[in-house]
Amino acid sequence: MKRFFLFLILIAVISLFSCGKKEIYPDFTVDFLDVGKADCMVLRTENSTVVIDCGEKGDGKKILELLAENEIESVDYLIITHYDKDHVGGSAKLINNIEVKNVLAPDYTEESSEMEKYKKALAGKNITPVLMHDDISFTLDGVEYTVYAPQKDFYGDDDDNDFSLVTKAVYHDTTFLFTGDAMEQRLEEIMDIGNCTLLKVPYHARKLDNLETFISRVRPEYAVSCTSESEFSSDTEKILKKYRIKSYATCYDGNITAVSDGNEVTINN
């Protein structure tokens with residue numbers, strides 16, 4: 001009988017240890033490239049790659065260099081959040097020099113030399129972008145993506161930033177949220193998007209009237225701002241400090257790499 005009870009205790013201890021042990025998954029890596037006041041992010045696993053925005057003209061080369069360093073030969077999805085030159089500028093270089101399987105973009109018009117090159121590159125590769133009116137979800141190598149479409153056809157004459165596509169990437173117990181240049185109207189649309197582990201701060205960390213409300217709702221552990229020193233608002237810095245969010249910015253930290261093992265996120269820069 002004594003041996004039986006010892007056996008039960010041993011089983012209980014093993015079960016307790018097993019329940020507390022975290023399972024480690026292959027890395028999910030997000031590179032935030034230092035391209036000044038511009039957005040350029042590469043999201044990658046061993047078998048998948050997503051690019052969100054391409055910085056300005058000339059920054060496409062930096063994306064290609066990163067992909068080459070990691071022996072990446074194709075991009076599963078290119079997500080252009082909106083058509084400002086600091087988001088679409090380097091896209092033509094990327095499209096012209098590597099296989100891009102899918103392109104997601106908002107449905108509005110903008111005229112610029114960067115846009116003309118982007119359209120020409122798409123045509124040259126026979127790529128028809130999906131112009132989003134509804135949210136789209138897909139899974140790549142264990143990462144669950146949802147890309148949120150703008151909810152309006154018009155935000156104002158000078159408010160094209162609010163057409164920004166918003167992307168959520170969930171990898172097991174970690175969540176990444178990429179907000180493009182979402183301003184007040186767009187942030188209102190995604191207030192209930194849920195908590196995240198890491199937030200790409202919207203609109204290059206400039207001041208937004210409802211940013212604190214948004215931050216308080218999504219409650220990130222980490223925040224990354226793709227910005228320049230002159231654009232990084234002191235009000236935004238105060239909000240991030242108030243909520244004790246570990247904050248990084250390309251203007252201060254250079255290239256930033258966030259790595260998820262499925263349980264937690266670590267930052268390298």
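Both Tyr108 and Phe163 are buried, a term that stands for under 20% relative accessible area, with exposed meaning over 50% and partly exposed in between (1.4 Å probe, protein chains only). The model is predicted, so local features need pLDDT of at least 70 and side-chain atom pairs count only at pLDDT 80 or more, while totals for chains, interfaces and linings use all residues. Residues are numbered from 1 along each chain as its sequence is written, and side-chain values use heavy atoms, with hydrogens and water left out.

The structure holds 12 aromatic pairs, where rings of Phe, Tyr and Trp (its six-membered ring) pair if their centres lie within 6.5 Å, and planes under 30 degrees apart count as stacked, over 60 as edge-to-face and the rest as tilted. Two of these pairs are set out below.

| Pair | Centre to centre | Angle between planes | Class |
|---|---|---|---|
| Tyr83 and Tyr118 | 6.3 Å | 40 degrees | tilted |
| Tyr108 and Phe163 | 4.5 Å | 10 degrees | stacked |

Tyr83 and Tyr118, which are 35 residues apart, link distant parts of the chain, and both Tyr83 and Tyr118 are buried. Ring pairs also link Tyr25, Phe28, Phe32, Tyr171, Phe176 and Phe178 into a cluster.

Leu211, Glu212 and Ile215 in helix H7 meet Thr236, Ile239, Leu240 and Lys242 in helix H8, contact meaning heavy atoms within 4.5 Å. By class, this contact of H7 with H8 has four nonpolar, one polar and two charged residues; Ala, Val, Leu, Ile, Met, Phe, Trp, Tyr, Cys and Pro count as nonpolar, Asp, Glu, Lys and Arg as charged, and the others, Gly among them, as polar.

Conventions:
Helices (H or I, at least four residues) and strands (E, at least two) are DSSP runs, numbered from the N terminus.
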